[in-house]
Amino acid sequence: MAVEFEVNEREVWDGNYAASQALRQADVDVVVAYPITPSTPIVENYGSYVGNGYIDGEFIMVESEHAAMSGCIGASAAGGRVATATSSQGFALMVEVLYQASGMRLPIVLNVVNRALAAPLNVRGDHADMYLGRDSGWIQMGAFNAQEAYDLALCAFRIAENHSVRLPVMVHQDGFITSHTAQNVYPLSNEAAAKFVGVIDPVDDMLDFSRPVTYGAQTEEDWHFEHKAKQHKAIMDSKPVIDAIFAEFKEISGREYKRVETYDMEDADVCIIGLGTTVETARVAAKELRKEKGIKAGVLAIRCFRPFPYEEVREALEGVKSIAVTDRSSPGGAMGAFYNEVAGAMATSKARPMVTNYIYGLGGRDLSIENVKTILTEQQANVDAGYITTDLQQFTNLRGPHLGFFKTARS
Amino acid sequence: MTEIRWHSRAGQGAVSGAKGLGDVVATTGKEVQAFALYGSAKRGAALRAYNRISDEQIFNHAKFMHPDFVLVIDPALAFTDNIEVNEKPETKYIITTSLSKEELIAGIPALAGKEDRVYVVDCVQISLDTIKRSMPNAPMLGAFVKISGMFELDYFLENMKRVLKKFPQKIIDANMEAITRAYNEVK
Amino acid sequence: MQDLKLRASENRGKSQLEAGFDLLGWDEVTQGSVLPSFEGDASGIANLKAEERNYSGYNSYTATVASWRVVKPVFNIDVCIDCQNCWVWCPDSSILSRDKQMLGIDYDHCKGCEICVEVCPTNPKSLLMFKENEDLETALSGWPEKTKKEKN
């Protein structure tokens, strides 16, 4: 019997600690890990909870992130509740196995503490690693602060293990900006968390000796396409399940999550769309800009990056005239991936608003309230002019001459 | 919103200090943020840690701030780091030093004319006397409690005991003594 | 005593950094974040001693970490047997040695980790840790005597 770990109603936790507490309260059976900055404390803390008898689980150290996810697959296929954490280069090394996990429909929870990809080597937060996972068939959810890193990790188990979903889930938080920033966190009691997450009811578990199964079958052109299609349909269909689990979480916590979050959007002419901590800084900027300049600015945030909420984005942006989509990853010869998703959604809208792309914050470059105001003010200039006055894609808060690409053909 | 910037070297406990302060502040019902600029920093490298304190949830995640308080817990950094960067007219400085306030200000041109908002305390010596090693973070908290007037000393001590509860009693007592001494000695 | 000529000047490299080395724009930074180790033609560099090489501001040789140190090792040439143990073990290449003759410490790069003291086999040790501000003469004048093994 495990020793009771005492949690207070109000704690001051950083994102890593918060995520590790969620793993403890969810009574995770197996964590297979190869620690990497800045996600290390998540798995390290889980190991200490096992070592100190707070949970009855297995902490397995392996030789690489590739092996870590492979181990998670084994444990999950066996029928256990499984989680791990990684960042950056580790995530990149894990990518091959991410597709195995989602293809086998295994409900693994991966805490990704977002960090830049080398070269040049950098340990700080951007979204380059997260973008690597965007076609991997995992559900991807984003936390904007430590509280959410905790809340979403708990929800992630429910979503992943839901029998109509059966897909692995990533919970993203920004490296250092969330993972190493201590803030007020209001955790659930151990009992409430355990009751919410429940006990895993595995499907096709290999330790069910009454029904032996094979994992890892080969499919060529005769079967592969159908399996991938079924998987894609499952992730597209997971939206109502995610909504229902968020609603249930609100019942017990009072905290409401939506796949698309909106702030000051009711009457907004201009808006900024972001992921992660950027969203919260932008909320402050939009409010100040409304007061200072009378610009009707709003913020739209994507909580659920995969499945991408096309309908909800289109609906939330109805009436907005100029939109700035922010990508915290170097797109390598294209518009930002996030821009493309939003532009795709808005191409189907009646009003077809102006959509611009900002590349920002690579390698942890600070995003200040003033930076966000500049971006929003440029959107207002677009509204006033009636066309996009800037390059469609701009690098912002970058040293050196202006860097931007692709001008609109509309005027 | 109260914003605090710590100047420290990795290993001196600015991050723990900032987090400890955040922990105590949170018990008063306020919202806090404590973070640092480090990562690949090695023991001894200069680093900065930050606190934000507010009555409402804190949404600003930028490192950029105009600090209300600048806490310098390494004596050399007062001279070599730009401790006055992004200051405002009312920014208060609490600086660890063995020098007198006048001697310190004479050596740091950026502090000239700011006598009424520069405070000095020898956190290194206090920690050597009490904690028996150079751990200037705890004394700095005592000095901050005094200068900020944010808490009564007794309230702060009681709550710090809770933050430190995983440590042996001897270490907790030494920290309490360090905080109290700095509270009384800062000037 | 220690050959102080081998120590680089205080804060070498720092002036270049402050002159804007780290503040170049995207159009000025090096291709592929590749950094040259030496100024100018470095042919034949392998045959030159460290202090004769023209290290660039990007090379860690031109940066000092002296201020990271709280305590420092002091080297006593009178006890040293030139075994090179410290030279092998020092993680920061901060033991100065020529032709297997121990010369002293590179205080620009020593971080005060004490490994050299730990691995020194002599009795008394030829390297001991002192407070950073202790002067060399005082440190050497109080060097301990050889300790005799206690027989039981």
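Me: What has to hold for two strands to pair?
Reply: Pairing is a matter of bridges found by DSSP. Two strands pair if DSSP finds at least two bridges between them.

Me: In what sense do strand S8 of chain A and S2(B) pair?
Reply: This is a predicted model. S8 of chain A covers residues 182-185. Two bridges join this strand to S2(B). The sense of the pairing is antiparallel.

Me: Which residue in S2(B) is the bridge partner of Gln183(A)?
Reply: Strand S2 of chain B spans 31-37. The partner lies in that strand. Gln183(A) is bridged to Gln33(B).

Me: How many residues of chain A are in contact with chain B?
Reply: Take each side of the contact in turn. Chain B brings 19 residues. On the side of chain A, the number is 22.

Me: Which element gives the largest share of the side of chain B that touches chain A?
Reply: Helix H1 (14-27) and strand S2 (31-37) of chain B each supply at least two residues of that side. The largest share is six residues. These residues come from S2(B).

Me: How many residues of chain C does the contact with chain A take, and how many of them are nonpolar?
Reply: Chain A and chain C each put in seven residues. By class, the side of chain C has two charged and two polar residues. The nonpolar residues number three.

Me: What pattern does chain B follow along the sequence?
Reply: Chain B has seven helices and six strands. Read along the sequence, they give β-α-β-β-β-α-β-α-β-α-α-α-α.

Me: Why is chain B as compact as a globular protein of that length?
Reply: The globule rule gives 16 Å for 187 residues. Chain B is close to that value, so it is as compact as a globular protein of that length. Its radius of gyration is 15 Å.

Me: What percentage of the residues in chain B is buried?
Reply: Buried here means 20 or more other C-beta atoms within 10 Å of the residue's own. Chain B has 187 residues. The buried part comes to 47%.

Me: What distance separates the centres of domain 1 and domain 2 of chain C?
Reply: Domain 1 of chain C runs over 14-61, and domain 2 over 65-136. The centres are taken over C-alpha atoms. They are separated by 27 Å.

Note on methods. Residues numbered from 1 in each chain as written. Chains lettered and ligands numbered in written order. Predicted model: local features only at pLDDT ≥ 70, side-chain atom pairs only at ≥ 80, totals over all residues. Contact = placed C-beta atoms within 7 Å. Helix = DSSP H or I, 4+ residues; strand = E, 2+ residues; numbered from the N terminus. Nonpolar A, V, L, I, M, F, W, Y, C, P; charged D, E, K, R; others polar. Rg over C-alpha atoms; globule rule 2.2 N^0.38 Å. Buried ≥ 20, exposed ≤ 12 C-beta atoms within 10 Å, placed from the backbone. Domains from an automatic or database assignment.
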